[in-house]
Amino acid sequence: MYSIYHFTLPALMWAMVLWRAPSALGGTRASRFLWGFLAAIAVALTTRPPEVDLLIRGLTGSPDLSVLVKHLAGLASNYCAVEYVIAVHGRGPRRAAAVRLRLAFVAAAALALTVLFVFFFEHDPGAPPTRVTDAHLGDPAVRLYESIVYVYLGIATALSAKLFWSNRRSVPAGLLRAGVVCLAGGGAMGFVYTMYRVVFLAHQESRPDVPGRGTPDAVSEILPVISLLLILVGVGLPPLRTLVRYVRDQYALWRLHPLWSDLLHAVPSVAFGPRMGRTRDLFVTGDRTLDVAHRAFEIRDACLVLRDRSAATGAEQPAEAPGHVHPGGGVPTARAEAEWLFSVLHGEPDACQAPAPPPAHSRTPAEEVAWLLKVASTYGQLPRGGAEAVRRAAGQEVR
């Protein structure tokens, strides 16, 4: 557990801070407070390794200043967390008076902690830094100090958990909502940690001679780790949602590319997008959702041109192979359209004279993309041997 605190979690938090820095610098108010929350948590965790404590001792001469730095960073993280959830889920206009009041509250708490630590604590150069509080719980200054820390932490975590949980249904289902639920769970776990520490310290204070007083408690170490991991997952899931959408769109473009490329050369009158190879297309960055929609409608436009050519020839409708239409309604299937396109693009010279399957009812953009993915998938599986080979290869219906 100590290795997680001393090395893994600080490194993970600083990586998150660096990752979120660009969006914080040029983002919204909520993004800046989220970044401030992560940065303050990273600073608080960084004070725990013994190497950092020795560095602070050497620079300042104080044997336990790392404890004060940790708690001041904790106050800053709590303040940023509250401002973040209010900025994201606030239901009313932001009032300057309320903002100033919250800032004054955290500033007064930080000043009180600093005064108590510097002027009223007993500092023992030979003791571990945490003993400056844990080993002197009966001292009124220490009790007031701990009360300020845990009252502020309890209010911040409870408010964060409540606001995130109450607004979870206002975001789309999926990874984004799961992220909000994780953030609510992180706040709730932070509140549980606060209540546990209050009870634990009260029990310790009531038994001044208990063995091992001032040593770390396992539950006190585990609960904040769980809370931080939930918060990190909650912060990381929305970008993961973007990554999943990007991979899905790239896969759709990969599947549509063979049909799109054949139509690009067969119907040059259609205004296609930039010409690029299938592999090079994978290295295009950014949001590709619109690219998928554009490519689908380019394919549909080219199909309409081919339908017009087929209708202009006035050819007789060929006999349809079994499975080319749905049993009850006569609606063409994806296989029927794929085989017709294949016969037009790769069949005999007169294949384009055959009438195309009747057009389906109007579709939404998402439905059009889903349909053309079926068509392109079947199109890519058909044998390159002319229209007669296509008709012989007709197999299971694609619905």
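Reader: In what kind of crossing does helix 9 pass helix 12?

Author: Helix 9 passes helix 12 in a left-handed crossing, meaning the near helix is turned anticlockwise from the far one by less than a right angle (clockwise would be right-handed). Helices here are DSSP runs of H or I, at least four residues, numbered from the N terminus. This is a predicted model, where local features need pLDDT of at least 70, side-chain atom pairs count only at pLDDT 80 or more, and totals for chains, interfaces and linings use all residues. Residues are numbered from 1 along each chain as its sequence is written, and side-chain values use heavy atoms, leaving out hydrogens and water.

Reader: How are two packed helices described?

Author: By the angle between their axes and the distance between the axes. Axes are lines fitted to C-alpha atoms, for helices over the stretch in contact, with angles from 0 to 180 degrees between N-to-C directions. Helix 9 and helix 12 (residues 334–346) pack at about 45°, axes 11 Å apart. They are therefore oblique to each other: under 35 degrees is roughly parallel, over 145 roughly antiparallel, 65 to 115 roughly perpendicular and the rest oblique.

Reader: Which residues of helix 9 and helix 12 make the contact?

Author: Contact means heavy atoms within 4.5 Å. Helix 9 brings Leu-259, Asp-262, Leu-263 and Ala-266, while helix 12 brings Leu-341, Leu-345 and His-346.

Reader: And what about helix 9 and helix 13, at what angle do they pack?

Author: Helix 9 (residues 218–266) and helix 13 (residues 365–381) pack at about 65°, with axes 9 Å apart. That makes helix 9 roughly perpendicular to helix 13. This crossing is left-handed too.

Terms used:
Helix = DSSP H or I, 4+ residues; strand = E, 2+ residues; numbered from the N terminus.
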